[in-house]
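User: I would like a close look at one part of this model, with its surroundings. Please define your terms as you go.

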Amino acid sequence: MFNAITHSSVYVLDQDQAVDFYVGKLGLEITADVDLGFMRWLTVSVPGHPEREILLEKPGPPAMSEQTAAQVRDLVTKGAMGLGFILRTDDCRRTYEELRARGVEFTQEPTEQPYGIDCGLRDPFGNHIRIGQPAAQPSEITDEVRERWLAETPADR
């Protein structure tokens, strides 16, 4: 029936600031930037992979009323929208250091997990993003790992 996921969306409060962050700091590339009149269609992707785009969507009409948009902006700012997406890398620790040098603020340093190494950050608006390096061979999720995950504060995720 389906053969791909082509687009996903992250709410941003300012699309120019989003370009500064997602392109200027994270190193993604703009795949579309179109003024539709009623909205700006702005997408980014991992360089060389334009088949999977992230829409940097500003909450508001025509998708929602201004009242609803205000509520969404409030939730984004609080970090309450959940995980935006996960970026994959071959070397999580190196990527972390490079992004820190560019001024990216992280909520969690690279951490060994049963599934690989990952770290967490938030964009300037409050969206949660993870960066992951998959393990060559995922290991078992033990009770000790579960306890560690439960002990982490939400800000660490």
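What is the volume of the second largest pocket?

Analyst: This is a predicted model; local features need pLDDT of at least 70 and side-chain atom pairs count only at pLDDT 80 or more, while totals for chains, interfaces and linings use all residues. Residues are numbered from 1 along each chain as its sequence is written, and side-chain values use heavy atoms, with hydrogens and water left out.

The second largest pocket has a volume of about 160 Å³. The search runs on a 1 Å grid over the protein atoms alone; a pocket is an open set of points with protein on both sides within 12 Å along at least five of seven lines, whereas a cavity is a set where a 1.4 Å probe fits but cannot get out. Points are joined across faces, edges and corners, and the volume is the space filled by probe spheres set on them. Rolling a probe the size of a water molecule over the atoms shows where empty space is left.

Now the lining. Lining residues have an atom within 4 Å of a point. For this pocket they are Q15, F38, M39, R40, E57, K58, P59, G60, P61, P62 and A63. By class there are six nonpolar, two polar and three charged residues. Here Ala, Val, Leu, Ile, Met, Phe, Trp, Tyr, Cys and Pro count as nonpolar, Asp, Glu, Lys and Arg as charged, and the others, Gly among them, as polar.

Most residues other than glycine have a negative phi, and most peptide bonds are trans. P62 sits in the loop between β4 (53-57) and α2. Helices (H or I, at least four residues) and strands (E, at least two) are DSSP runs, numbered from the N terminus.

Q15, another lining residue, belongs to helix α1 (residues 15-25). Along α1, Q15, A18, V19, F21 and Y22 are buried. Buried means under 20% relative accessible area, exposed over 50% and partly exposed in between, with a 1.4 Å probe and protein chains only. An α-helix has 3.6 residues a turn, so residues three or four places apart point the same way. D14 caps the N-terminal end of α1, with a side-chain oxygen 3.0 Å from the backbone nitrogen of D16. G27 follows α1, and its phi is positive, near 85°.

The whole structure holds four aromatic pairs. One of them, F21 with Y22, is edge-to-face: 5.1 Å centre to centre, 90° between the planes. Rings of Phe, Tyr and Trp (its six-membered ring) pair if their centres lie within 6.5 Å; planes under 30 degrees apart count as stacked, over 60 as edge-to-face and the rest as tilted. Ring pairs join F21, Y22 and F85 into a cluster.

Contact means heavy atoms within 4.5 Å. N127 lies in the loop between β7 (116-122) and β8 (128-134). N127 counts as buried because its relative accessibility is 4%. Its side chain has a polar atom 2.7 Å from the backbone oxygen of Y11. The N127 side chain also makes a polar contact with the side chain of D123, at 2.8 Å. A polar contact is a pair of N or O atoms within 3.5 Å; within protein, one must be able to donate a hydrogen and the other to accept it, and residues adjacent in sequence count only if both atoms are side-chain atoms.

V76 is another partner of N127. V76 is in helix α2 (residues 66-77). At 0% relative accessibility, V76 counts as buried. Its C-alpha lies 5.5 Å from that of G126, 50 residues away along the chain.

For contrast, look at the largest pocket. Its volume is about 570 Å³. It is lined by 23 residues, of which L28, V46, P47, L87 and R88 lie nearest its centre. β3 (40-45), β5 (83-88) and α3 (92-101) each give two or more residues to that lining. Its classes are eleven nonpolar, six polar and six charged residues.

The protein has four helices and eight strands. Of its 157 residues, 36% count as buried.
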